[in-house]
Amino acid sequence: MDPLLTEFDSFVRTRTSALLRSAYLLTGDQHLAEDLVQSALARTHRSWNRLHHSGNAEAYTRKTMYHLQVSWWRRRRVAESMPGDLPQPRSGDSFPDHAQQTTLRITLRIALARLSVKQRAVLVLRFFEDRSEVEAADLLGVTVGTGKMHHQNRSTPTQSTRWCLCRPR
């Protein structure tokens, strides 16, 4: 078997679950997240000869996901729905109390559903991916001011989303 193909196969097997979690947070839908990851991995495969030497394959794939998501915003508006469960991390990181974990998952789902697609993408990049405002804007192909607007706009559901995430249980 070709060593490049083996290396790409290993990359896909080890990083797909992490990519799916990010994609789910970007899209809000499990099926769209799977489509986004599949499209990004297809582009990564086309560039694998160049990427396997640099060690930046995951960064390239994530950036491709963000660019594809922006392209999908611009092309069409799809009615958003949030069926299914959040992808589970494969590590042992979980809450000791199942009820607390379920409450947190439901609260996060409600909060994300209140956001527009653009707001969700900015929040995923800023807080889940821990990117700076400049990095998030660059990855989404927008100005820093536009990214800030989607993050801090008070006339949007973000205010109630913060309340939903921060209120005591």
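A: At 1.5 Å a residue, the 12 residues of α6 should span 16 Å, and the end C-alpha atoms of the helix are 15 Å apart, which agrees; the expected span is taken as 1.5 Å times one less than the number of residues. Helices here are DSSP runs (H or I, at least four residues), strands are runs of E with at least two residues, and both are numbered from the N terminus. The model is a predicted one, in which local features need pLDDT of at least 70 and side-chain atom pairs count only at pLDDT 80 or more, while totals for chains, interfaces and linings use all residues. Residues are numbered from 1 along each chain as its sequence is written, and side-chain values use heavy atoms, with hydrogens and water left out.

As for the setting, the chain has 9 helices and 0 strands, and buried residues make up 38% of its 169 residues, where buried means under 20% relative accessible area, exposed over 50% and partly exposed in between (1.4 Å probe, protein chains only). Against that background α6 is mostly covered, since 9 of its 12 residues are buried: these are V117, Q119, R120, A121, V122, L123, V124, L125 and R126.

The packing of α6 against α1 can be described next. Two packed helices are described by the angle between their axes and the distance between the axes. The axes of α1 and α6 come within 7 Å and cross at roughly 145°, the axes being lines fitted to C-alpha atoms over the stretch in contact, with angles from 0 to 180 degrees between N-to-C directions. On the α1 side the contact (heavy atoms within 4.5 Å) is made by R21, S22, L25, L26 and T27, and on the α6 side by V117, R120, A121, V124 and F128. These residues divide into 6 nonpolar, 2 polar and 2 charged, with Ala, Val, Leu, Ile, Met, Phe, Trp, Tyr, Cys and Pro counted as nonpolar, Asp, Glu, Lys and Arg as charged, and the others, Gly among them, as polar.

L26 links this contact to the nonpolar core, which is a set of buried Ala, Val, Leu, Ile, Met, Phe, Trp, Tyr and Cys residues joined through side-chain atoms within 4.5 Å. Of the 33 residues in the largest such core, L26, L36, V37, M65 and L140 touch the most other members. The elements that give two or more residues to this core include α1 (3–27) and α6 (117–128), and the largest share, 8 residues, comes from α1. Not counting residues up to four places away in sequence, L26 touches L36, M65, Y66, Q69, V117, R120, A121 and V124.

Beyond the helix, D130 follows α6 with a positive phi, near 55°, and D130 is a residue other than glycine. Most residues other than glycine have a negative phi. D130 sits in the loop between α6 and α7 and is exposed, with a relative accessible area of 65%. R131 is also found in the loop between α6 and α7, but R131 is partly exposed, with a relative accessible area of 23%. Leaving aside residues up to four places away in sequence, R131 touches L125, R126, A136 and L139, and of these L125 and R126 are among the buried residues of α6.
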